[in-house]
Every structure is written in C-alpha cells, then in structure tokens.
Amino acid sequence: MRGLAPVEPSSIAGVVLHRVAVPLVEQRVAAHGVETVRQSILVEVVGDDGRRGWGECVALARPTYTSEWVDGAWWVLDRFLVPALLAGEVADVVGHPMASAALADARVDLALRRGGESLGGALGSAPLVTSRAVVGLAVDPGSLVDAVSSRLDQGYTAVKLKVAPGTSAAVRRVRERWPDLDLAVDANGSFDPVEHADELRALDDLGLGYIEQPLGADDLVGHRELRRLARTPIALDESITTAGSVLAASACEALDLVNVKPGRVGGVVACTEVLDAMRRRGLSGFCGGMYELAIGRAASLAVAAHPDLCAQPSDLGPSASYVERDLADPHVLRPDGTIAIPTGEGIGRDPTPERLAELTVEVSEHPR
Ligand code: MG
C-alpha cells in the first residue's frame with residue numbers, strides 16, 4: 001500500500017465540472033415533490049500528462065439529508081474550491097464536505113492511476129463486499145413485505161428498512177415473515193425520544209442488527225440514553241461528519257456502529273481518518289450509500305471492502321436499481337448478494353464519453 005496522497009496542484013492542467021441528470025428507474029415521491037432524475041456533479045481533474053482522475057459529488061438535489069445540495073455544491077466547487085486548488089491555495093471554505101470530497105477524490109484517483117494502483121489495492125480492500133438492500137419508507141405492511149421479498153429474490157441476504165414514526169407495525173410484519181433475516185432499520189433522525197418512546201421500544205423488540213440514526217444528528221445525549229435502554233445496537237450516520245465526531249460520540253457512549261460514507265466526511269482520505277478514530281475507540285461499522293452513480297459507487301465500494309468495514313454488509317447495491325443507464329459500466333449484484341470491488345487503476349471506472357455527453361446539462365471548464 002503506497003498511500004492515498006492526492007496529486008499536487010502543480011501537476012494539474014485543469015479541472016472540468018460536469019453537471020449531469022440521469023433518469024431514475026422509478027420516479028421518487030418525497031415531501032417536496034416528485035423527482036425523475038438523479039442530479040449529480042462529476043469532477044474531472046486533468047493532469048499535465050493528459051491523464052484524468054474522477055470524483056463524484058454525492059449531494060442530493062435538495063438539502064434533505066444534510067445541509068448540502070447539488071446547486072450549492074456546484075457553486076462551491078465552481079467559485080471557491082476549484083479556483084483555489086488551481087491557484088495553489090487552501091480554499092477558505094467551511095463545511096461542504098460532499099463538494100470537497102468530489103475534488104479530493106478526483107485528485108486521489110489521478111494519483112493512483114499515475115502509480116498504476118487501484119483504490120481497493122491502496123486501501124487493502126477485500127475483493128468482494130456483501131450488499132444490504134435498502135428499502136424505502138412504507139407504512140403498509142403488505143407492500144413492505146412485497147418489497148423485501150423482491151430484494152431477497154434478487155440475491156440480497158441482508159435488508160435495511162427506512163423507518164419513521166408510524167412504521168413499526170410494518171417492520172414487525174417483515175420480521176414475522178423472515179425471523180432469521182439480517183434486518184436493520186434507518187430512521188434518518190425522525191424519532192423524538194419522548195414522543196416516540198413506545199415505537200422505539202417496539203423496534204427494539206424485533207431482534208434488529210441495528211437501529212441507525214434514530215434521533216437527530218446533534219442529539220448525542222439522547223442517543224446515549226436510548227442506548228442504555230435498548231438491546232439493539234445504535235448506528236450513527238448523520239451524526240458522524242469527521243474523525244472528531246466519532247471520538248465525541250464514542251466519549252458520550254452514544255453509538256455502537258458507524259455508518260461510514262466517504263462523501264459525507266470529505267472523501268476517501270478523510271474516510272481513513274474516520275476509520276483510524278473508530279479503531280482507537282474499538283468501534284466497527286459499515287459503508288453507507290448516497291444513490292451514487294457508478295463513479296462515486298466505485299470509490300465507495302473500495303471503502304466498503306476495507307478490512308475494518310467488510311465484516312458488515314454495506315448499503316451499496318447496484319446503481320441499476322435506481323438509474324436506467326449509468327454514466328459508466330455499472331456495478332452488478334452477484335447471485336450470492338455480493339458486489340465485486342473494481343480492480344482497474346484508480347477507482348477502476350471512467351465515464352463512457354457518449355453517455356456523459358448525453359446526460360450532461362452543464363459544464364464548467366477551469367484551465368490552469
Ligand atoms: Mg442512514
């Protein structure tokens with residue numbers, strides 16, 4: 001392992017930002033309306049040797065997961081992060097880890113390609129990682145059972161259900177149908193520890209692998225109290241933004257598991273700092289997903305298969321489950337519910353030029 005040093009600004013000839021809109025398999029209905037495309041940003045770092053490195057910004061179209069969103073990330077990359085990099089300066093930007101991650105990961109990808117090494121090789125990753133199917137929010141027990149059944153038919157051996165207040169009866173139905181299934185839930189911080197105490201207790205009785213982010217991102221004390229009452233392990237996702245937040249949550253005894261997402265913490269290099277903090281505190285975890293396209297998912301898969309994470313199923317399924325045709329060769333779910341880690345140089349994926357041209361809605365070129 002030669003490390004993950006990004007390419008130096010002096011060896012970069014330019015940066016190109018590609019804003020893309022990739023049609024979804026099914027339109028996504030959310031509180032804010034209907035979405036029919038996955039909007040995303042690809043960062044292309046062009047080396048002075050003509051080689052290219054790629055990174056993907058995983059921010060969603062609206063700031064519903066964290067405060068970042070695609071329009072804001074585009075602005076921050078285009079106006080601040082990329083110009084500062086090309087000027088050889090440190091960008092004076094607070095926050096915006098998803099925007100930063102896309103540029104940082106593209107620089108690491110180019111460095112690895114120049115060295116002829118894969119990201120998985122540099123991380124010491126396993127060749128395969130087990131995928132956990134993530135099933136969207138459902139109040140109706142019958143439709144949730146049907147959704148889980150179809151995922152198991154595809155080969156998945158582990159399932160995560162999105163939950164919110166009012167859905168525990170549907171989760172119970174799934175547990176009754178599959179008593180031995182590796183089942184977990186993710187609340188995205190939607191529960192109030194007092195108002196929804198009965199429902200949290202109901203979930204705790206279902207023998208789940210973990211309850212992810214039951215309370216708000218900054219409620220470490222609440223998670224500590226919940227963890228003292230619950231038998232089910234508590235995983236934190238939105239609460240974990242840096243290595244320091246891992247140490248803080250651990251010092252508060254607020255978690256059992258960490259959902260590690262490269263995009264959320266600032267990229268693959270920042271991710272290794274989170275993993276170092278987890279190791280110091282004796283914490284295990286797994287890699288989560290952000291509906292990445294094939295570029296972002298290639299990097300995340302290498303992280304998911306890291307020796308410290310690969311014992312747990314990752315949330316990384318094939319992008320074909322949510323976009324019709326990806327920008328690059330898709331990652332495929334194998335019949336045994338695993339996905340292979342790319343073995344090519346860098347992240348092991350390049351956008352297909354025709355697909356990139358077809359799906360790009362905006363380009364911003366930054367020559368040196
Ligand atoms: Mg989550």
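## Close-up views of a predicted model

**View 1. A loop residue with a positive phi: Asn188.** Asn188 is found in the loop between β7 and α6. The model shown here is predicted. Phi of Asn188 is near 50 degrees. That is a positive value in a residue other than glycine. Asn188 is partly exposed, because its relative accessible area is 33%.

View 2. His96 is not a glycine, yet its phi is positive, at about 55 degrees. How accessible is His96? The relative accessible area of His96 is 27%, so the residue counts as partly exposed.

View 3. Which residues supply the protein donors of the magnesium ion? They are Asp186 (OD), Glu212 (OE) and Asp237 (OD). Along the chain, the donors follow the spacing D-x25-E-x24-D. Asp186 sits in strand β7, and Asp237 sits in the loop between β9 and α8 (243-251). The two are 51 residues apart, and the pair links distant parts of the chain. Are Asp186 and Asp237 buried or exposed? Both Asp186 and Asp237 are buried.

**View 4. A salt bridge between two strands: Arg132 and Asp182.** The structure holds 25 salt bridges. One of them joins the side chains of Arg132 and Asp182, at 3.1 Å from N to O. Arg132 belongs to strand β5 (residues 132-135), and Asp182 belongs to strand β7 (residues 182-186). The pair therefore ties together parts that are 50 residues apart in sequence. Now look at the accessibility of each partner. Arg132 has a relative accessibility of 2%, so it counts as buried. Asp182 has a relative accessible area of 31%, so it is partly exposed.

**View 5. A salt bridge from a helix to a loop: Asp204 and Arg231.** Asp204 and Arg231 form a salt bridge. Their closest N and O atoms are 3.8 Å apart. Where do the two partners lie? Asp204 is in helix α6 (residues 197-204). Arg231 is in the loop between α7 (220-229) and β9 (234-236). So the pair ties together parts that are 27 residues apart in sequence. Asp204 counts as buried because its relative accessibility is 10%. Arg231 counts as exposed because its relative accessibility is 62%.

View 6. The side chains of Arg279 and Asp276 meet in a salt bridge, at 2.9 Å from N to O. Both residues lie in helix α10 (residues 268-280). They are three residues apart, which is about one turn of the helix. Arg279 has a relative accessible area of 45%, so it is partly exposed. Asp276 has a relative accessibility of 37%, so it also counts as partly exposed.

**View 7. A stacked aromatic pair: Tyr210 and Phe286.** The count of aromatic pairs comes to two. In this pair, the ring centres of Tyr210 and Phe286 are 4.7 Å apart. The ring planes are at 20 degrees, so the pair is stacked. Tyr210 lies in the loop between α6 and β8 (211-212), and Phe286 lies in strand β11 (residues 284-287). The pair therefore ties together parts that are 76 residues apart in sequence. Tyr210 is buried, because its relative accessible area is 1%. Phe286 is buried too, with a relative accessible area of 0%.

**View 8. An edge-to-face aromatic pair: Tyr291 and Tyr322.** Tyr291 and Tyr322 form an aromatic pair with 5.3 Å from centre to centre. The angle between their planes is 90 degrees, and the pair is edge-to-face. Which loops hold these residues? Tyr291 is in the loop between β11 and α11 (294-304). Tyr322 is in the loop between α11 and β12 (338-340). So the pair ties together parts that are 31 residues apart in sequence. Tyr291 is partly exposed, with a relative accessible area of 37%. Tyr322 counts as buried, because its relative accessibility is 9%.

Terms used. Residues are numbered from 1 along each chain as its sequence is written. This is a predicted model: local features need pLDDT of at least 70, side-chain atom pairs count only at pLDDT 80 or more; totals for chains, interfaces and linings use all residues. Side-chain values use heavy atoms; hydrogens and water are left out. A salt bridge is a side-chain nitrogen of Lys or Arg within 4 Å of a carboxyl oxygen of Asp or Glu. Helices (H or I, at least four residues) and strands (E, at least two) are DSSP runs, numbered from the N terminus. Buried means under 20% relative accessible area, exposed over 50%, partly exposed in between (1.4 Å probe, protein chains only). Donors are N, O and S atoms within 2.8 Å of the metal (3.2 Å for Na, K and Ca); water is not among the atoms, so sites may look incomplete. Rings of Phe, Tyr and Trp (its six-membered ring) pair if their centres lie within 6.5 Å; planes under 30 degrees apart count as stacked, over 60 as edge-to-face and the rest as tilted.
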